[in-house]
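Hi,

Here is the structure I said I would pass on.

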Amino acid sequence: MTANAVTSAYPLFDPTDPVFRAHEGGKLGVHATQPLRDRADLALLYTPGVADVSRAIALDPSLAARYTARSNTVAVVTDGTAVLGLGDIGPLAAMPVMEGKAVLFKHFGAVDAVPVCMETGTVDELVDAIARIAPTYGGINLEDISAPRCFEIERRLQERLDIPVFHDDQHGTAIVVLAGLINAATVVGRRLDSLRVVVSGAGAAGVAVTRLLARAGVADIVVCDSRGIVAPGRTDLADHKRRLAATTNPRGLTGSLGDALVGADVFVGVSGGVVPEQELARMARDAIIFALANPDPEVHPDVASRYAAVVATGRSDFPNQINNVLAFPGIFRGALDSGAPQVTEAMKLAAARAIADLVPEPTADEIVPSVFAPGVADAVAAAVVACARSAGGTYPAREA
């Protein structure tokens with residue numbers, strides 16, 4: 001799909017539709033935090049008063065965290081190449097999604113977020129462009145950038161910048177999956193390190209889920225892509241899949257997704273497509289199924305419930321919604337408040353545990369809190385701040 005693609009699958013444009021009416025004029029605006037009532041205010045907020053602040057920051061750049069909006073502002077950056085389930089629709093069509101993400105940042109985490117939708121290009125071009133605008137922001141949220149480019153873009157930006165760079169399609173998904181799996185394992189009376197997990201999807205989310213589950217202690221993870229099990233013997237693997245093949249699949253399985261599901265305790269779908277019912281029937285007793293493709297899960301919950309004790313999806317109209325909004329507002333809130341220059345693996349694990357702990361007595365129908373449950377972002381932020389402090393960070397914390 002290209003940015004100019006128009007197919008019969010697209011809905012007709014109807015400006016009277018409530019969806020379009022809700023988006024008219026965009027979903028964001030700008031407001032001032034200080035009053036501008038008269039000439040005295042003007043002299044303080046702009047010239048000549050502002051010059052004193054600029055001179056101070058020029059001498060001590062750390063003062064920008066206190067005297068500008070940078071310390072509470074995140075750029076939501078995309079090139080529109082992997083937007084939701086729509087694919088490569090381009091930066092303009094991605095704008096409503098990025099505006100929506102900014103609304104979620106503000107509502108749940110009190111973080112000001114600005115959509116930055118740029119033309120796509122090479123990895124070098126995108127890294128350079130994002131790095132050049134970074135002085136305006138206290139953090140970079142990468143969003144809807146196609147794999148495998150997204151891995152290299154994030155890595156290089158993390159090395160180049162001294163502010164948190166976080167690809168939410170990867171790590172937000174992984175954090176909430178881990179939180180849900182912690183509680184799902186409790187429901188079925190299992191330990192994480194005893195589970196056999198199959199991850200369907202070797203893109204951004206699949207790679208991050210696999211890595212975070214492994215760091216949390218899951219030892220037996222098999223990853224599948226559209227051609228079957230990701231294994232060392234395959235000659236068609238991209239670099240990131242070769243790395244997966246070298247660090248997963250401890251039993252040396254080969255074959256299809258169905259082969260991987262034989263005796264599996266957990267299925268995590270982050271790829272789309274449909275898993276045949278007969279393949280689910282090959283899973284272990286009291287299985288756990290996370291079918292997270294949206295809007296159409298890999299397994300419909302009604303079908304999944306025939307074979308699994310716990311079922312989760314990415315949808316809001318079924319129990320156990322695995323939704324990134326449980327993670328990213330609190331992740332950035334905590335990173336900004338602590339002044340941490342990056343989101344570490346320890347922070348991701350702590351965030352997952354904090355989300356899981358918000359459901360003190362998990363059940364088959366409640367393994368993660370609702371996105372509207374009070375205190376979710378605060379709990380995640382507190383976990384991130386605690387990690388930053390335990391690591392001995394001496395970062396300039398944000399002024400309250």
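Let me start with Met118, which is buried because its relative accessible area is 14% (buried means under 20%, exposed over 50% and partly exposed in between, with a 1.4 Å probe and protein chains only). Before going further: this is a predicted model, where local features need pLDDT of at least 70, side-chain atom pairs count only at pLDDT 80 or more, and totals for chains, interfaces and linings use all residues. Residues are numbered from 1 along each chain as its sequence is written, and side-chain values use heavy atoms, with hydrogens and water left out.

Met118 sits in the loop between β2 and α6 (123-133); helices (H or I, at least four residues) and strands (E, at least two) are DSSP runs numbered from the N terminus. Not counting residues up to four places away in sequence, Met118 touches Val77, Thr78, Asp79, Pro91, Leu126, Ala129 and Ile130, where contact means heavy atoms within 4.5 Å. From Met118 to Asn249 there are 131 residues in sequence and 38 Å in space, C-alpha to C-alpha.

Another loop residue is Thr248, between α10 (239-247) and α11 (257-261). Thr248 counts as buried because its relative accessibility is 11%. A polar atom of the Thr248 side chain lies 2.6 Å from the backbone oxygen of Leu244. Leaving out residues up to four places away in sequence, Thr248 touches Thr210, Ile221 and Val223.

Now the second largest pocket, with about 1,000 Å³ of space. Of its 30 lining residues, His31, Ala32, Thr33, Ala69 and Asp112 are the closest to the centre. (On a 1 Å grid over the protein atoms alone, a pocket is an open set of points where a 1.4 Å probe fits, with protein on both sides within 12 Å along at least five of seven lines; lining residues have an atom within 4 Å of a point.) The volume is the space filled by probe spheres set on the points. At least two lining residues come from each of α2 (39-45), α3 (49-59), α4 (64-67), α5 (90-109) and β2 (112-117), and β2 gives the most, with 4 residues.

Last, helix α14 (residues 328-338) is mostly covered, with 10 of its 11 residues buried. Among the buried ones are Phe328, Ile331, Phe332, Arg333 and Leu336. Just after α14, Gly339 has a positive phi of about 75°.

Cheers

Technical notes. Polar contact = N/O pair within 3.5 Å; in protein donor to acceptor, adjacent residues only side chain to side chain.
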